[in-house]
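The sequence and the structure are shown below, and the description follows them.

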Amino acid sequence: MSGKQSTISPDAAGIAQAAKILRGGGLVVMPTETVYGLAARADRADAVAQIYRTKGRPDFNPLIVHVTSLDMARHVALFHEDAERLAARFWPGPLTLVLPLRKGAGIAPAVTAGLGTIALRQPDHPIAAQLLREVALPLAAPSANRSNAVSPTRPDHVFASFGKQSPPVIEGGSCAAGLESTIVALDPEGGWRLLRPGPIAADELEAMLGAQAKSRGATFEAPGQMKTHYSPGKPVLLNRMQPERDCFMIGFGDIDGDRNLSANADLAEAASQLYSALHQAAKSDRPRVCVAPIPTHGMGQAINDRLKRAATS
Ligand code: TXA
Ligand code: MG
């Protein structure tokens with residue numbers, strides 16, 4: 001694919017075309033319920049290398065692998081009881097499990113950045129699900145944006161990030177959740193840790209698994225959780241009750257702005273709007289961005305996590 005931004009329609013012919021590109025070792029951008037993902041077959045080093053190149057991603061930051069079924073996941077990783085329970089409850093869905101990689105699973109080493117663990121999820125989006133069924137291979141897919149930039153929740157965000165060299169994008173409209181999956185690391189010896197807050201709130205996991213493990217053992221590493229991330233390319237000021245001078249104001253609830261994440265103060269709606277608001281702020285002629293305070297409960301934890309990183313740029 002060179003020099004032209006192309007979309008693929010999500011009908012049977014389009015999915016077949018996308019599957020063919022992926023089987024051949026190429027890249028396709030697919031919609032998921034969280035954000036758009038830059039997909040390649042996870043079993044080929046050359047295909048995976050293209051992901052890192054396209055994103056400008058450091059090679060120590062491992063990728064999430066998407067599976068078509070729990071069965072496929074069990075071929076790639078070692079599932080113990082807690083992993084089975086989480087998958088039964090939350091898959092398909094926005095929960096990524098970090099588990100011990102199975103020896104001989106055939107995953108290209110670059111996918112896991114040489115770690116002994118692998119991050120897996122089964123996405124809950126009809127187009128991603130159909131594509132995975134058709135390809136019938138595990139697909140590595142990080143968010144479809146240049147490294148450290150704001151993740152895409154619409155095809156035009158993907159094109160804004162990758163420019164003319166963008167791989168083809170399967171047209172899937174807006175992503176429902178709008179924030180990347182919750183990532184949980186599970187120690188086979190017992191214990192778990194939240195590596196990235198997301199659409200599935202920590203309280204829900206605690207209710208199932210009990211309290212998080214205190215120590216940060218090797219299993220609990222999250223090498224890609226950089227402080228600087230989700231950057232709109234201009235300063236971001238948080239917890240503002242009103243816009244400061246020259247700011248694009250992102251409001252919430254009663255605090256209005258150039259755009260309001262949710263006038264009804266609904267956190268799920270705010271999450272679904274966050275990245276598109278940051279993309280809009282990036283495009284605006286205002287040199288700075290202000291954001292209203294967002295409550296920290298439920299999905300607010302994930303929203304504040306992303307905002308803090310956006311503001312650290
Ligand atoms: O919702 C999502 O998860 C989206 C969609 C496309 O599925 N994907 C996504 O991928 O957000 P990415 O690459 O942007 O984020 C992957 C995160 C990184 O922070 C990385 O450090 C972590 O997953 N990760 C991957 N493998 C890991 C491992 N073995 N151990 C710990 N963290 C891992
Ligand atoms: Mg990302």
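Is the crossing of H8 and H9 left-handed or right-handed? In this predicted model, the crossing of these two helices is left-handed. The contact is formed by Leu-267, Ala-270, Ala-271, Leu-274 and Tyr-275 on the side of H8, and by Gly-300, Ile-303, Arg-306 and Leu-307 on the side of H9. Sorted by class, the residues of the contact between H8 and H9 are seven nonpolar, one polar and one charged. Helix H8 covers residues 267-283 and helix H9 covers residues 300-311, and they pack at an angle of about 25°. Angles under 35 degrees count as roughly parallel, and H8 and H9 are therefore roughly parallel to each other.

**The chain as a whole**

The chain contains nine helices and 14 strands. Along the principal axes, its C-alpha atoms fill a box of roughly 55 × 50 × 30 Å. A compact globule of 313 residues would have a radius of gyration near 20 Å, and the value of 19 Å for the chain agrees with this. Of the 313 residues, 57% are buried. Among contacts with a separation of 6 or more, 68% are between residues 24 or more positions apart.

**Helix pairs**

| Helix pair | Angle | Distance between axes |
|---|---|---|
| H8 (267-283) and H9 (300-311) | about 25° | 9 Å |
| H4 (81-90) and H7 (202-209) | about 130° | 11 Å |
| H1 (12-23) and H5 (126-135) | roughly 55° | within 9 Å |

Helices H4 and H7 pack at an angle of about 130°, and that makes H4 oblique to H7. H4 passes H7 in a right-handed crossing. From H4, the residues Asp-82, Arg-85, Leu-86, Arg-89 and Phe-90 take part, and they meet Glu-204, Leu-205, Met-208 and Leu-209 of H7. The residues of this contact divide into five nonpolar, no polar and four charged.

Helices H1 and H5 cross at roughly 55° and are therefore oblique to each other. Their crossing is right-handed. Ile-15, Ala-16, Ala-18, Ala-19, Leu-22 and Arg-23 of H1 meet Ile-127, Gln-130, Leu-131, Glu-134 and Val-135 of H5. By class, the contact of H1 with H5 has eight nonpolar, one polar and two charged residues.

Which residues of helix H2 are buried? Within this helix, which spans residues 45-55, they are Ala-47, Val-48, Ile-51, Tyr-52, Thr-54 and Lys-55. An α-helix has 3.6 residues a turn, so residues three or four places apart point the same way. The cover over the buried residues of H2 includes strand S3 (37-41), strand S7 (139-140) and helix H6 (155-162). Gly-56 follows H2 and has a positive phi, near 65°.

Asp-59 is placed in the loop between H2 and strand S4 (64-66). With a relative accessible area of 59%, Asp-59 is exposed. Leaving aside residues up to four places away in sequence, Asp-59 touches Tyr-52 and Ala-113; Tyr-52 is one of the buried residues of H2. Asp-59 and Pro-100 are 41 residues apart in sequence, and their C-alpha atoms are 20 Å apart in space.

**Backbone features in loops**

Where does Pro-92 lie? Its place is the loop between H4 and strand S5 (95-100). A cis peptide bond joins Trp-91 to Pro-92, with omega at about -10°.

Conventions:
Residues are numbered from 1 along each chain as its sequence is written. Chains are lettered from A and ligands numbered from 1 in the order in which they are written. This is a predicted model: local features need pLDDT of at least 70, side-chain atom pairs count only at pLDDT 80 or more; totals for chains, interfaces and linings use all residues. Side-chain values use heavy atoms; hydrogens and water are left out. Buried means under 20% relative accessible area, exposed over 50%, partly exposed in between (1.4 Å probe, protein chains only). Helices (H or I, at least four residues) and strands (E, at least two) are DSSP runs, numbered from the N terminus. Contact means heavy atoms within 4.5 Å. Axes are lines fitted to C-alpha atoms, for helices over the stretch in contact, and angles run from 0 to 180 degrees between N-to-C directions. Angles under 35 degrees count as roughly parallel, over 145 as roughly antiparallel, 65 to 115 as roughly perpendicular and the rest as oblique. A crossing is left-handed if the near helix is turned anticlockwise from the far one by less than a right angle, and right-handed if clockwise. Ala, Val, Leu, Ile, Met, Phe, Trp, Tyr, Cys and Pro count as nonpolar, Asp, Glu, Lys and Arg as charged, and the others, Gly among them, as polar. The radius of gyration is taken over C-alpha atoms; the globule rule is 2.2 Å times the number of residues to the power 0.38.
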